[in-house]
Amino acid sequence: ILSIFSKTKISSIDIIGFHGQTIYHNSKEKLSLQIGNGNLLSQLLQKKVVVNFRKNDLKNNGVGAPLTPIFHKIIMTKLQIETPVIFLNLGGVANVTLVNEDKIYSSDIGPGNCLIDKWIKKKTNKNFDKLGSFARSGKIDKIIFEQAIDQWFYKFKDLTKKNISFDINDFDISFVRGLELNDGAATLTEYTSEIIAKYLDSLSTKNIIVCGGGRKNQYLIERISNK
C-alpha cells in the first residue's frame, strides 16, 4: 500500500478508504472479516482512514459489497462510457455492476477464479492457471460438467432476481476430484464460464467491460465470449 502512495503526492489526499483483504464473508449471517490495520495505516500516512465498509453495509441491510459499484460508476462517468454498461469483475468471486443512466445494480454471480485457482494449487506448485494454458490443453468432461451445472442452476435458478454476495468458501472442487490436471482445469473453466455467460445474457446488455485479475485468463475470457 505504501508503495502505491509513494507514486502520489500524499499532501493531495484528503481521506483514504481502506477495504482490507477479505478472509471470510457471509452476508446471510451478517459476518465479514478483513485483515488490514486501518489505525496503523493512518499513523504511517498521517491521514484519516475509513475502514469496515463491508460490516457497515451489512448493518444497513446490504450484502457487504458497497465500494465496487460506486467505483465502477465513477469510471463510467470519467471515461464517458455509453450506458447501459456492465462491469464484469473477475476476482476469486465473479460480480457485476450494471449502470444504466443514474441507476446502479450490483451483485455477485458465482465463482470467478477461485475454483480454477484451488485446483491448480492442489495439483501443482503454482497458484493459478496462467493464461488458462492448463485448461486450454485439457478436455472437458461433459458428463461431470452437465451434472454440476444443472445442480448450480437448480440451486440458484432465481439468482438474477435478487442481490447476493458469495464467499470463495461457498464453492468447492469436489466434483472434478477424479480428473487429471488439465481435464479438471478445462472442466472447471467451462463450469465457471457457463455460470458467468448465462448471468450476462440475463442482463441483456452487450456493452461489457471486464476487470479484475481473472481478465488475464485468456481461455476463460474466450469461453465466456463464445457463450
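These entries cover the backbone, a surface patch and the salt bridges.

**Ground rules.** I am working with a predicted model, where local features need pLDDT of at least 70, side-chain atom pairs count only at pLDDT 80 or more, and totals for chains, interfaces and linings use all residues. Residues are numbered from 1 along each chain as its sequence is written, and side-chain values use heavy atoms, with hydrogens and water left out.

**Backbone.** I first noted the general rule: most residues other than glycine have a negative phi, and most peptide bonds are trans. Then I looked up some exceptions. Thr 83 and Pro 84 are joined by a cis peptide bond, with omega about 0 degrees. Pro 84 sits in the loop between α4 (67-78) and β5 (85-90); helices (H or I, at least four residues) and strands (E, at least two) are DSSP runs, numbered from the N terminus.

Gln 80 is in the loop between α4 and β5, and has a positive phi of about 55 degrees without being a glycine. Buried or exposed, I wondered about Gln 80? Gln 80 counts as exposed because its relative accessibility is 72% (buried means under 20% relative accessible area, exposed over 50%, partly exposed in between, with a 1.4 Å probe and protein chains only).

Gln 46 also turned up with a positive phi of about 55 degrees, and is not a glycine. I found Gln 46 in the loop between α2 (38-45) and β4 (48-50), exposed at 65% relative accessibility.

**Salt bridges.** I looked up how many salt bridges the structure holds, and there are six (a side-chain nitrogen of Lys or Arg within 4 Å of a carboxyl oxygen of Asp or Glu). One of them joins the side chains of Glu 222 and Arg 136, at 2.9 Å from N to O. This pair links distant parts of the chain, since Glu 222 is in helix α9 (residues 218-226) and Arg 136 in helix α6 (residues 133-136), 86 residues apart.

Next I checked Glu 194 and Lys 227, whose closest N and O atoms are 2.6 Å apart in a salt bridge. Glu 194 lies in helix α8 (residues 181-203) and Lys 227 in the segment after α9, so the pair ties together parts 33 residues apart in sequence. Glu 194 is buried at 15% relative accessible area, while Lys 227 is partly exposed at 31%.

My last pair was Asp 201 and Lys 206, with 3.6 Å from N to O in their salt bridge. I also noted one network, in which salt bridges that share partners join Glu 190, Glu 194, Lys 198, Arg 223 and Lys 227.

**Surface patch.** Ile 23, Tyr 24, Leu 31, Leu 33 and Ile 35 make a nonpolar surface patch of about 430 Å² (patch residues have over 30% relative accessible area and no salt bridge; like charges are joined within 9 Å, nonpolar side chains (Val, Leu, Ile, Met, Phe, Trp, Tyr) within 5 Å; accessible areas come from the Shrake-Rupley method with a 1.4 Å probe, and for residues only the protein chains shown count as cover). β3 gives the most, with three residues.
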